[in-house]
Amino acid sequence: MRSFPLSSDRFDRRTFGQRFGLALIFVLLMLALALLSDRFLTPANLTNILRQTAINGIISAGMTLVILTGGIDLSVGSVLALSVTIGAALMKQGWPVELSVLAALATGAGLGCINGVLITLARIPPFIATLGMLTMARGLTLMYTQGQPITGFPAAFRWLGAGDIAGIPVPIALMLLVFVAGGFLLYRTSFGMQIYLLGDNPTAARLTGVPVNRLTVLVYTISGFCAALAGLILIARLDSAQPTIGLGYELNAIAAVVVGGASFSGGEGGLVGTLLGALLIETLNNGLNLLNVSSLWEQVVKGVVIALALLLYRAIGSRNSR
Amino acid sequence: MTSATPRLKLINVSKTFPGVQAVKSVSLEAYSQQILALVGENGAGKSTLMNIINGVVQPDSGSIMLDGVEVRIDSPRRAQSLGITMIHQELALIPELTVGQNMFLGREPSRGGWIDWNELYRQTQQVLDRLGIAISARAKIAELSIAEQQLVEIARALSYQARLIALDEPTSSLTDRETEILFRLVRQLRAEGVALIYISHRMEEIFALADRIAVMRDGELITAGPASEFTPQRVVQLMVGRELQPSASQPAQPRGEPILRATNLVAGKAVRGVSLTLHRGEIVGMAGLVGAGRTNVARLLFGADRLDQGEIWFEGKPVSIRSPRDAIRLGIGLVTEDRKAQGLFLKQSVRNNAGAGLLERLSRFGFVNFRALTQQVSDLTTRLRVRTPSLNQQVRNLSGGNQQKVIIARWLALQPKVLILDEPTRGVDVGAKADIHALIRELAAQGMAILMISSELPEILAVSDRILVMREGRITAELNRAEATQDRIMQAAVGQE
């Protein structure tokens, strides 16, 4: 990116373009799908989309914080796998559901914390540190399970995937909870504000007294926690924990965050955009399914749509001089 | 000179950014073999005008003539091919490449499809030698001082057969000696027939160099004419549109008790045994050449760099300052030298920039009291006369002087006991500069201890109660206000054998 003094309002317009451009794309996509398929705009299908979004949505919420600091977390898929494997194994050994769930969440948070420590104290770049964690956590998962899935969980646990609270399916309720809590954290607390400062200018943040290391460790811890939570919902729904679970999920999460308007250089973006981004991707998947598009084409279409969304932002964003 | 066709002629050029008319119907000429000084406060529209000439932004209306021919300058590349070059305050060199590689970037001389490195360095050296710049063509940019980098930029401009060169605040990071080299270069370019536009806030420079002077204010060209028709006082008046209080010396305040004492600070080769004491209510000026270790001392006191040796006492107690956070907790603030790289959060609002340090102090259970934050920031920006349409304005849209005030506001909000300012008025216009000087005095009068690093001797002499001079990592002189003169400071700074 070039930056010239006095090309003044470029950013304001871009934020505006991204926020409303994304909502616009979303509405257009909904309209198009509603016209193309009469099964799309039914309560059952819409609920289904939300439920499908929950997994990626929750992971993306954690990823948003990480990307806002200017970092990246490639390990979420593997952290998810190792966390749920531990949770599942404990349940099979007869641990109470609550304790097993807590253990899984603690594993996710702990692995995320290790990421954060590697990045801050050992000064390993986030890309490399979390890439290492990706391989290591996946390896441990495969080693522990011997490649075998763990299946058959207590009903109390499966409630996480199939139950509902006041009519709202639990996965959707948990996703909303994560985004609301995340929103408070990001926009109302000094912690959240400092994430933006850190992502915007790490040098200035340190010189302003922002506790850079503590903040970074916490952000990766949250990301690991979110991955474990998403994983628990997933295995509760499937009633099975495959050792290859969560493979490639990091890319889906990054896609949602980026479509949501966050910048890889940090300090720019937010949770509302990420939620929209995750919903957009899932709606697209759902629509292509309804239209009986071959799943081989699904990937291609998804990629093209992501690219188009980003191009649109840029077009809206840079139209400041004729 | 009116007989000649002007090299550059702007006719009724206007440019509006949303919410601001940055340039209002400006008509202006620049002639070859002349230096036109373009002056005005930051935000007066100079930078936009220069960006128009350089093809970075397109004017909404008006026309541009180059040697009598109307031209459309729709990109910096186009400007370059027309022989128009701009030398920015912020340098556009690639640090990891050599001088020669930078100079011929994108147009390397080649032989049989391969870059002819020998030829490239030969030509580069030729340009450097002709200009009397003592730098090797094979030196890496990162290894050069800021001043040397600036000279390389000028040399590069020249290697493009420039017809018009615009220099934006070229001396803001140069020492006096380097400034002289630059002046010689600028005059040489003039003699060679180049038209020069020289943007500066420094009256001495303008009157030393300019053939003509053009004054801008609030986007308009206020006046333009031969330099002989102006006096420095007149120019300043035209620029600010109001009378300025002279920033002359005031009687020294009686200083309070010592608050910060450092003994024998050592860090690498940059700081080789520095001892100093700061007192409440006292302004200590720190002079010296660029690279003398002044910034390093500031960073050590602030915990931004690691100390190899030495001790720091704060309010009579030995303290260990291992991070800026520690320093801030004690009540030490640092306004850094490089606003953009080390101070500003460019994507954030004025409020979040000025309130960056307050976030934790104004939080309960982690939740920020935004009403109190906005209130405090608003009080400070009003007190410091920060010119911004609103506190939600992105800080990147403010002028340099106002950005600097925002950073100072950030520190004042924390009510530090010791405030270190590193080149607080670099790249700041005269109005904001006078404001900042007045503020520094006011803060000292209220009992704050101030350490001000500056490369501008008049500033050091006008503001300081006591002056420390550094050379090669050591303090070589300590002068009180009465005995300090520019000569004595310079002698200590360069080391008279």
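**Helix packing, the A–B interface and salt bridges**

Let's start with helix 6 (residues 155-162) of chain A, which packs against helix 10 (residues 212-238) of chain A at about 105 degrees, with the axes 7 Å apart. This is a predicted model: local features need pLDDT of at least 70, side-chain atom pairs count only at pLDDT 80 or more, and totals for chains, interfaces and linings use all residues. Residues are numbered from 1 along each chain as its sequence is written, chains are lettered from A and ligands numbered from 1 in the order in which they are written, and side-chain values use heavy atoms, without hydrogens and water.

Back to the pair. The classes are: under 35 degrees roughly parallel, over 145 roughly antiparallel, 65 to 115 roughly perpendicular, the rest oblique. Axes are lines fitted to C-alpha atoms, for helices over the stretch in contact, and angles run from 0 to 180 degrees between N-to-C directions. Helices (H or I, at least four residues) and strands (E, at least two) are DSSP runs, numbered from the N terminus.

Who touches whom? Helix 6 of chain A brings Phe157(A), Arg158(A), Leu160(A) and Gly161(A). Helix 10 of chain A answers with Leu232(A), Ile233(A), Ile235(A), Ala236(A) and Arg237(A). Contact means heavy atoms within 4.5 Å. By class, that is 6 nonpolar, 1 polar and 2 charged residues.

Next pair. Helix 11 (residues 249-259) of chain A and helix 12 (residues 271-290) of chain A cross at roughly 120 degrees, their axes coming within 7 Å. So helix 11 of chain A is oblique to helix 12 of chain A. Among the contact residues are Ala255(A) and Val259(A) of helix 11, and Gly277(A) and Ile281(A) of helix 12.

Now the interface. Chain A and chain B bury about 3200 Å² between them, 58% of it on carbon and sulfur atoms. Buried area is the accessible area (1.4 Å probe) that two parts lose on being put together, summed over both. Chain A gives 36 residues to the contact, chain B 40.

How many salt bridges cross the interface of chain A and chain B? The rule, a side-chain nitrogen of Lys or Arg within 4 Å of a carboxyl oxygen of Asp or Glu, finds 1. Lys347(B) and Glu268(A) meet in a salt bridge, 3.7 Å from N to O.

Over all chains, the count is 28 salt bridges. One joins Asp67(B) to Arg7(B), with the closest N and O atoms 2.9 Å apart. Asp67(B) sits in the loop between strand 4 (61-66) and strand 5 (69-71) of chain B, and Arg7(B) in the segment before strand 1 (8-17) of chain B, so the pair ties together parts 60 residues apart in sequence.

Definitions and conventions:
Ala, Val, Leu, Ile, Met, Phe, Trp, Tyr, Cys and Pro count as nonpolar, Asp, Glu, Lys and Arg as charged, and the others, Gly among them, as polar.
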